Amino acid sequence: MRLSPDAEARVKALLPGFDLSGATYRGEGLVNQVLIGDGRVVRIARHAWGPDDLDQEGRVLDAVRDRLDVDVPDWTREAADVISYPFLEGEPLQGFLVEQWPEEDRGAVAGQIACVLRIIHGIEDAELGPSVTNRDRSVFVSLLEELRVELMPYLQYWQVEYVEDLFAPVVD
């Protein structure tokens with residue numbers, strides 16, 4: 001999978017020195033197309049509401065930066081629908097890898113995650129502004145229909161059941 005031609009043109013125009021040929025494309029996001037390269041992460045909104053989502057994320061990052069004992073990147077608005085920030089070295093915290101760790105290490109990481117979540121959920125709504133994730137039922141019904149057409153034909157039955165169960169509370 002590749003960055004869409006429109007998004008590629010946007011990156012070339014906004015970040016002329018960014019080496020697209022050496023960048024890694026991460027297209028699995030529902031909200032953004034993501035490029036990682038040249039020590040930066042570049043995110044391009046996929047939808048018209050994407051810039052609002054990027055603003056919301058920026059407010060959260062700014063609010064937690066001084067409250068957490070982990071690196072939180074300073075982001076840069078490149079355009080209404082494009083942000084970038086320095087790439088933070090490390091490995092993604094993926095569940096299947098964590099399951100292989102000794103129980104003591106899993107417990108330590110779980111404690112750290114709990115601490116981060118406590119801090120994030122302690123931030124006052126007024127500091128963050130209204131959430132853009134509060135979407136009405138029609139958005140989720142539309143997304144589920146798209147998944148049924150585009151994705152579910154390629155899934156195993158138990159994966160389809162999982163997706164249906166995941167959406168049930170908001171669709172029903």
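Visitor: Is Asp 38 buried or exposed, or something in between?

Guide: Asp 38 is partly exposed, because its relative accessible area is 47%, and the class runs between buried, under 20% relative accessible area, and exposed, over 50%, as found with a 1.4 Å probe on protein chains only. Please keep in mind that this is a predicted model, in which local features need pLDDT of at least 70 and side-chain atom pairs count only at pLDDT 80 or more, while totals for chains, interfaces and linings use all residues. Residues are numbered from 1 along each chain as its sequence is written, and side-chain values use heavy atoms, with hydrogens and water left out.

Visitor: Where does Asp 38 sit, and what is its phi?

Guide: Asp 38 belongs to the loop between β2 and β3, where strands (E, at least two residues) and helices (H or I, at least four residues) are DSSP runs numbered from the N terminus. The phi of Asp 38 is near 50°, which is a positive value in a residue other than glycine.

Visitor: OK, next one: which strand holds Ile 44, and is Ile 44 buried or exposed?

Guide: Ile 44 is part of strand β3, and Ile 44 counts as buried because its relative accessible area is 3%.

Visitor: What is Ile 44 in contact with?

Guide: If we leave aside neighbours within four places in sequence, Ile 44 is in contact with Leu 3, Ala 7, Val 11, Val 31, Asn 32, Gln 33, Asp 81 and Val 82, where contact means heavy atoms within 4.5 Å.

Visitor: Which residues make up the largest nonpolar core?

Guide: That core has twelve residues in all, namely Leu 3, Ala 7, Val 11, Leu 15, Phe 18, Ala 23, Tyr 25, Leu 35, Val 42, Ile 44, Ala 79 and Val 82. A nonpolar core is a set of buried Ala, Val, Leu, Ile, Met, Phe, Trp, Tyr and Cys residues joined through side-chain atoms within 4.5 Å. The elements giving two or more residues to this core are α1 and β3, and there is also a second, separate core of seven residues, which includes Ala 63, Leu 68, Ile 123 and Leu 128.

Visitor: Which residues of helix α1 are buried, and why do they lie on the same side?

Guide: In α1, which spans residues 5-14, the buried ones are Ala 7, Glu 8 and Val 11. They are on the same side of α1 because they cover an arc of only 105° around the axis, the arc being that of the directions from the helix axis to the C-beta atoms. Pro 5, Asp 6 and Ala 13, on the other side of α1, are exposed, whereas the cover over the buried residues of α1 includes β2 (32-37) and β3 (40-45).

Visitor: Switching topic, where is Val 160 found, and what does Val 160 touch?

Guide: Val 160 is in helix α7, and, not counting residues up to four places away in sequence, Val 160 touches Met 152 and Leu 155. Val 160 counts as partly exposed because its relative accessibility is 23%.

Visitor: Last one: how many helices and strands does the protein chain have?

Guide: The protein chain has seven helices and five strands, and read along the sequence they follow the pattern α-β-β-β-α-β-β-α-α-α-α-α. Of the 172 residues in the protein chain, 27% are buried, and the C-alpha atoms fill a box of roughly 45 × 40 × 40 Å, taken along the principal axes.
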